[in-house]
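Colleague: I have a structure to go through with you. Can you put it up?

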Amino acid sequence: SLVPVKDLLEKAEREGYAVGAFNCNNMEIIQAIVDAAEAEKSPVIIQASQGAIKYAGLAYIVALAKIAADQATVPIALHLDHGTSFAQVMQCIRYGFSSVMMDGSKLPLDQNIEITKRVLEVARAVGVSVEAELGKIGGTEDDITVHEREALFTDPEEARIFAEATGVDALAIAIGTAHGQYKGEPKLDFPRLEKIKSLVKIPIVLHGSSGVPDEAIREAIRLGVRKVNIDTNIREAFVKGVREVIAQDPGEIDPRKVLGPAKKAMTAVIREKIRLFGSAGKG
Ligand code: G3H
Ligand code: 13P
Ligand code: ZN
Ligand code: NA
């Protein structure tokens, strides 16, 4: 059955690695994630974004993830990525998610604390773990300067206050990553991460990790990141795989022959990430 993210991150914290959290939108992506985790004997987090829920529907996502977890030999969690409201988080818990993110990062600090605490009160009672966000991660398409982005980075002192006030299980921080494909190379604020980690004794989550150089990911994990979110790199592998089949044989009409190679390409990318994160063999 699906395990809480908290359990996976506690072991990662003790042993100094990170668990990959991979975004899913359909069966092929879920199978690619689980195939990769099995091949690497690694714990893994399947996560669903707002877009995924809109596209596939909660019931399908939960059903697919549950079957995956029941068949797997490695621990698998199902996590809500960037939950937007108390109501949505409750709905996901009811459907069977083992972990949720309550993204209150757009709210003032006191309101972010308040909504995170409300979610925690319910989640604790039913054994579901909770991730919160402090600072604004944003997207590569946001039309802002480097200087403006830095102004949105997580404040270490606020992180300490937030973690102590809420007791949340994991904290997503803004230190220079962004969702989507980067135009240049992202520059991560490692001193800020180090400061946050010295003040906050809970697992740190890195969003927007597709496109971040391997060296920077390794350093972030060394400094305390325990959950690494990857979506864009999976999308790229999927669509590249589809394009290749169609380019080779424009007459192909069997969806399985179009999607099969794409699934394998996603598995390969996810396996590389799992090894980079150090979670191979930890399942
Ligand atoms: O957190 C954002 C995900 O990477 C993508 O979100 O599926 O809603 O486009 P989406
Ligand atoms: P990327 O799409 O940049 O990998 O970000 C994924 C993410 O942070 C999901 O929450
Ligand atoms: Zn994210
Ligand atoms: Na990214």
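Colleague: What share of the contacts in the protein with a separation of 6 or more is between residues 24 or more positions apart?
Modeller: That share is 71%, where a contact means two C-beta atoms, placed from the backbone, within 7 Å. This is a predicted model, in which local features need pLDDT of at least 70, side-chain atom pairs count only at pLDDT 80 or more, and totals for chains, interfaces and linings use all residues. Residues are numbered from 1 along each chain as its sequence is written, with chains lettered from A and ligands numbered from 1 in the order in which they are written.

Colleague: How many helices and strands are there in the protein?
Modeller: Twelve helices and eight strands. These are DSSP runs numbered from the N terminus, helices being H or I with at least four residues and strands E with at least two.

Colleague: Which residues are around ligand 1?
Modeller: Asn23, Ser49, Gln50, Gly51, Ala52, Asp81, His82, His179 and Asp231; the C-beta atom, placed from the backbone, has to lie within 6 Å. Two or more residues of that shell come from each of α3 (50-56) and β3 (76-83).

Colleague: Which element gives the largest share of the shell around ligand 1?
Modeller: α3, with three residues.

Colleague: And ligand 2, which residues come nearest?
Modeller: His207, Ser210, Asn229, Asp231 and Thr232, out of 13 around ligand 2. The elements giving two or more residues there are β3 and β8 (225-230).

Colleague: Back to the whole protein: what does the C-alpha trace span along its principal axes?
Modeller: About 60 × 40 × 35 Å.
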